[in-house]
Each structure stands twice: as C-alpha cells, then as structure tokens.
Amino acid sequence: MDPIVATFFILGSAILAFLSARVPLEVVAVGVPLALWATGVLSLPEALAGFGDPTVLFIASLFVVATALETSGVTRSVGGLILAPAGTRRGRILIWVGGIVAVLTALISINGAVAALIPVAALIARRSGLPPSQLMMPLAFVASAASLLTLTGTPVNVVVSELAETEAGRPFGFFEFALVGLPLAAATIAIVVVLGPRLLPHCGPDAVPEARTERETETLSLVPEAVRSGTIRTHRRSGLHRGARRTLVVTAVMVVLLATGAAPPAVAGLLAAGALILMRVVKLPDLYNGISWTTLVLIAGMIPLSVAFLGTGAADVVADGLLAVVGEADPHLALLAVCVVVIVLGQFISNVATVLIVAPVATSIAATLDVSPLPFLMALTVAGASAFLTPVSTPVNLMVMAPGGYRFGDYWRLGLPLVALFLAAAVLYVPLIWRF
C-alpha cells in the first residue's frame, strides 16, 4: 500500500475509533503504531519510538510532582485560601476561585487543579447559598484557559513545545505561553462572572443521572485513578508539614530549571520526580495511582502518526487542499481553517490527539507559505484549549458534571462565547506576538 494512502487510512480509522467510544483509548493508541509498522510506513523502532519519547517521560514526571503536591497537602491548603476572603457574593467568589485554580493549574496541571478544588467549590456553594451549577463549570472553564499559563499547564503545551523545537529550531519557553494565556484567563473569568447567571443552569448535584455513557467513561480514563476515586489523601487534615515544604522546594527547583532552560524538560521533570521519591514524599502506591497511564499511552501512540504524516508527505497533501480552499494570500485565513478543524475535533476526541494529528498539517502550511511555524503551533495550543461545548471534550468538563448537576446540553451555552473568544485570540492575537 502506498505510504500516503496507508497513513490516511490509519488516521481515519483512529478518528472513527475515537469518536465511537467503543474501542478503548489505549487500544487505539497502541494499534496506531502497530498499523504504521504493519503497512511499512515506519520501521518498528520508528513506530514504537513514542513510548521512549522525552515528551512522554516529562509528562509522566509531572504526574509524580502533582501527586506529591496533593499528598503533602499543598493543593488543599491553597484551595482553602479561598474560603476566608471570598465571602458570599457570587462575582467575588468566582474571581477568587478563578485566581486559585489558575495558580494551581499553572503549577500542577489542569486535571489535578480541578480535582483539588471541586470539594472546595462544593463547600463554598453550601456556605454561600449558591447553586453548585454556578461554580463548577466556571471552575473547569477557567482551568482550561489557565492551562495556557505555563509549559506544565497541560500535556498539549509540552507536545507543542517539542514540535516547535523540531520545526522552528526552538521550543516555547516555560512562561511564554502566558503571553496569550494570561489575557485569556482574565477574559474567561470576566465572561463567567458576567454571563454565568444567565447561561448556566440553577440546579444542584442531584439533577444528573448517575449512569455514564461509554464516551464519558472513556474521557474519565484520562484522569488519574487517584483523582477519580479519591484514594490519595493528604497526610494531615490541615496545614503544611515537612513533606509539603520538601515538595515546594523540589517543585520550585524544577520550575527554575525549566524557566531558565538549564536542563531539558524531561531531565528537569525526572530529577524532580526522583527527588520526591527518594525523600519519601511520594509513596509508590500513590505514585502509580497518580499517573494517568491512558494519557501517556495515548501520546506515545499518536506521536508516530504525527511523524508519519510528515515523513510520507500526507501532511503536505492536506495542507495543499486547505490552501486551495483559502488561498495563499493571507496566512490568517489558513490559520483560521486549521484552528476550526482543531476546535471541531477537540469537542469529541482528546485535544492531545487532535493537536498531534493537525500539527503536521499546520507546519506544512507554514512551510508552503514561507512563514514561521511558531504562530501556527501556538494557535493550535489555544484552539486545543477551547474545548467548552460538550462534557466529553476534556476530562475536567466531565469531572464537574455530576457535582454541578449538569446535563450534556448545558455546556454549549456558556461555552460558545468562550470558543469565539479563543478562536479570535488564536487567529488575530497570536500572530501579533509570534510573527509570521
């Protein structure tokens, strides 16, 4: 079979499997590299290289750091800071919740931050008399925006930064994402404060049925077991102890290494994870429960497909097709087309998988137009974070569904203006910072 045809066939099959939710994500992720090898698109070492990719190792180390922050009581202590100053006014509460979730997301990634703050948000709702539905979805949406604040906010950032180093000769800096993430996070908080009362339902957690669809179960598999089951508990009910101080020091050193570029991301992350294990801040059972193995396998399995898309020329075929539709006169139109594809796919399948699928097309378009790939890659990151229209588009959307009493159709009302905001930022604002 022709390599280009085989690559498209494997891609199409993977997308259908993702959309069906009948095939486990892990099976699809492992099946993709095996299919690339079986059809002769990649050699066996090339097809399995994703499982040893530095990006995967770095993301795994971040799960360890997030686990340490959770078990040592840091996340609960930070979340508890909301209770004293927030009061009972809805706008004030949302601003404080948004600010805390933004800090935690930048520090420990989006899933851990939302998981840590859901109990806090529920407590605030009871004490203030607000319906939980007025707090839970804003919590998830602000976290999605805040995932653009740092390199470690979401696995998508790590993937895109590695692609930037390959395609543009330099990765995105640790805080470079904040150039677009900071205004988007602030705007997202403003939108949920102003529009939330009218666009969010007024209901409690009993409004949603307990049964989950296959798609919901699949999406939750991207959340570490410890987050889903609550098996990880802080060593003390309140306050910071010795393990917490050690965790904060190790995390700070890791951030400095990442921000200064003194060590590659995988090295900095693995050093931090190793130090936390040696200091016995993280115990092995907690460590294994705290890692989202599905996420790691998904990324490792989709990286070879991204490589095949570039190596076979399949990305060039798609890029030429898009350019034939939008033309080559203005790169903004090409950027718009790419971002729309990411936004549409990202409502139904993992945003990590979506970015890995579309990124080769974006870089090929940039090469054809003879412009920098950096704005295309950063725009993909922004578009990938705008998964606001369905509860199955991101794990955090699904995590707040039951606590907030939401139904499937509740998400798009508040999500639609946010998607428009993120699309505008990706197409119009990003190229102002990262020039074509």
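Q: What is F388 in contact with, leaving aside its neighbours within four places in sequence?
A: F388 is in contact with F141, S144, Q347, S393, N397, Y411, W412, G415, L418, V419 and F422. "Contact" here is heavy atoms within 4.5 Å. Keep in mind that this is a predicted model, where local features need pLDDT of at least 70 and side-chain atom pairs need 80 or more, while totals for chains, interfaces and linings use all residues. Also, residues are numbered from 1 along each chain as its sequence is written, and side-chain values use heavy atoms, with hydrogens and water left out.

Q: Why is F388 called buried?
A: Buried means under 20% relative accessible area, exposed means over 50%, and partly exposed is in between (1.4 Å probe, protein chains only). F388 comes in at 0%, so it counts as buried. You'll find F388 in the loop between α21 (374-384) and α22. Helices are DSSP runs of H or I with at least four residues, strands are runs of E with at least two, and both are numbered from the N terminus.

Q: How far apart are F388 and L414 in sequence and in space?
A: In sequence, F388 and L414 are 26 residues apart, while their C-alpha atoms are 8.0 Å apart in space. Over the whole protein chain, take the contacts between residues at least 6 apart in sequence: 81% of them join residues at least 24 apart.

Q: Why is S364 put with the buried residues?
A: S364 has 4% relative accessibility, so it counts as buried. This serine lies in helix α20 (residues 351-369). Not counting residues up to four places away in sequence, S364 touches A315, D316 and A319.

Q: How do you know that E176 and R170 form a salt bridge?
A: A salt bridge is a side-chain nitrogen of Lys or Arg within 4 Å of a carboxyl oxygen of Asp or Glu. For E176 and R170, the closest N and O atoms are 2.8 Å apart, and the pair is a salt bridge. E176 is at 15% relative accessibility, so it counts as buried. R170 is at 31%, so it gets the label partly exposed.

Q: What about D410 and R413: which kind of link joins their side chains?
A: Their side chains meet in a salt bridge too, at 3.5 Å from N to O. D410 has 12% relative accessibility and so counts as buried, whereas R413 has 38% and so is partly exposed. By this rule, the count comes to two salt bridges.

Q: What makes something a cavity, and how many of 30 Å³ or more are there?
A: On a 1 Å grid over the protein atoms alone, a cavity is a set of points where a 1.4 Å probe fits but cannot get out, and its lining residues have an atom within 4 Å of a point. Points are joined across faces, edges and corners, and volume is the space filled by probe spheres set on them. The count is two cavities of 30 Å³ or more. The largest share, three residues, comes from α4.

Q: Why is R280 called exposed?
A: R280 has 72% relative accessibility, so it counts as exposed. Its place is in the loop between α15 (265-278) and α16 (284-290). The phi of R280 is near 65°, a positive value in a residue other than glycine.

Q: And why does D370 get the label exposed?
A: With a relative accessible area of 69%, D370 is therefore exposed. D370 is found in the loop between α20 and α21. Although D370 is not a glycine, it has a positive phi of about 60°.

How values were computed:
1 Å grid on protein atoms, 1.4 Å probe; cavity = no way out; pocket = protein on both sides within 12 Å on 5 of 7 lines; lining within 4 Å.
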